[in-house]
Amino acid sequence: ETFTTAHHLKHGGRLQLCLFLKGLGLGLEEVRGFYRAQFTHHMDSETYSKSGHDYMVRHLFGKEGKRQEKKPYGCLKIITSSSLGLGDCHGCPFRHMDRPHLESTLLGWKVPRPAIREMHSLVEAHHYQIACTKYFEVTQGRDAKFGLNHPNQYFQESVGATPAGDPLTPAGVTPNAAASVPTTAAGVPTTVVVDLTVG
């Protein structure tokens, strides 16, 4: 939400979102276009071209630097990453949001209070992935018959995609499944939009 409303993300958020979108199967030009469309709300195209944001996207797709493609971050990497700073809006909501912010966010997403209490208990016990799995079950209305360990896996399970290969590669998302997901005005799947703004 922050990116499509404030049209800015701090470095960690730009990295995590870019890799997540790449893992969904979006191509280099789609992600470059999305980033350009957001950032150019507050800067002209020339400034954007010099900002390094486009270079970062190309680098993560293996087109710059050592030319090695980067994989999307899994839950463990996101959960164990350093704590977020003021204005950061990435990470894991169950790990990085304080209790009042998490509760407010979950209530805004229409999660029932008993489920929120259960999620808080799991978070207090440092079971962030289990809390996320509980969120999946509550919002999807079905049992999770999988061990949740990756945001792209969460997305695939949400849309009912049947990965053809490794769920962490772009080939793991079927075009029909991705096309059937509601999107924001900016074209980002609504299941992707999580705002973890700190502060």
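This is a predicted model: local features need pLDDT of at least 70, side-chain atom pairs count only at pLDDT 80 or more; totals for chains, interfaces and linings use all residues.

Reader: How many helices and strands does the chain have?

Author: The chain has 12 helices and zero strands. Helices (H or I, at least four residues) and strands (E, at least two) are DSSP runs, numbered from the N terminus.

Reader: And what share of the chain is buried?

Author: Of the 199 residues in the chain, 43% are buried. Buried means under 20% relative accessible area, exposed over 50%, and partly exposed in between, with a 1.4 Å probe and protein chains only.

Reader: What share of the contacts joins residues 24 or more positions apart?

Author: Such pairs account for 53% of the contacts in the chain with a separation of 6 or more. Contact means heavy atoms within 4.5 Å.

Reader: Let us turn to helix pairs. At what angle do α2 and α5 cross?

Author: The axes of α2 (residues 11–24) and α5 (residues 53–60) cross at roughly 45 degrees and come within 10 Å. The two helices are therefore oblique to each other. Their crossing is right-handed. A crossing is right-handed if the near helix is turned clockwise from the far one by less than a right angle, and left-handed if anticlockwise.

Reader: Which residues of α2 and α5 meet there?

Author: From α2, Arg-14, Leu-15, Cys-18, Leu-19 and Lys-22 meet His-53, Met-56, Val-57 and Leu-60 of α5. By class, this contact of α2 with α5 has six nonpolar, one polar and two charged residues. Ala, Val, Leu, Ile, Met, Phe, Trp, Tyr, Cys and Pro count as nonpolar, Asp, Glu, Lys and Arg as charged, and the others, Gly among them, as polar.

Reader: How is α3 placed against α5?

Author: The axes of α3 (residues 28–39) and α5 come within 10 Å and cross at roughly 160 degrees. That angle makes α3 roughly antiparallel to α5. The α3 residues in this contact are Leu-28, Val-31, Arg-32, Tyr-35 and Phe-39, and those of α5 are His-53, Asp-54, Met-56, Val-57 and Arg-58. The contact of α3 with α5 divides into six nonpolar, one polar and three charged residues.

Reader: Where is Gly-74, and what does Gly-74 touch?

Author: Gly-74 sits in the loop between α5 and α6 (75–80). Not counting residues up to four places away in sequence, Gly-74 touches Asn-149, His-150 and Pro-151. Gly-74 and His-150 are 76 residues apart in sequence, yet their C-alpha atoms are 4.4 Å apart. Gly-74 counts as buried, at 17% relative accessibility.

Reader: Which residues of α8 are buried?

Author: In α8 (residues 99–108), Leu-102, Thr-105 and Leu-106 are buried. Seen down the axis of α8, the buried residues fall within an arc of 95 degrees, so they line one face of the helix. The arc is that of the directions from the helix axis to the C-beta atoms. An α-helix has 3.6 residues a turn, so residues three or four places apart point the same way. The cover over the buried residues of α8 includes α7 (93–96), α9 (113–124) and α10 (128–140).

Reader: Finally, how do α10 and α11 cross?

Author: The axes of α10 and α11 (residues 151–159) cross at roughly 20 degrees and come within 11 Å. That makes α10 roughly parallel to α11. Cys-132, Tyr-135, Phe-136, Thr-139 and Gln-140 of α10 make the contact with Tyr-154, Glu-157 and Ser-158 of α11.

How values were computed. Residues are numbered from 1 along each chain as its sequence is written. Side-chain values use heavy atoms; hydrogens and water are left out. Axes are lines fitted to C-alpha atoms, for helices over the stretch in contact, and angles run from 0 to 180 degrees between N-to-C directions. Angles under 35 degrees count as roughly parallel, over 145 as roughly antiparallel, 65 to 115 as roughly perpendicular and the rest as oblique.
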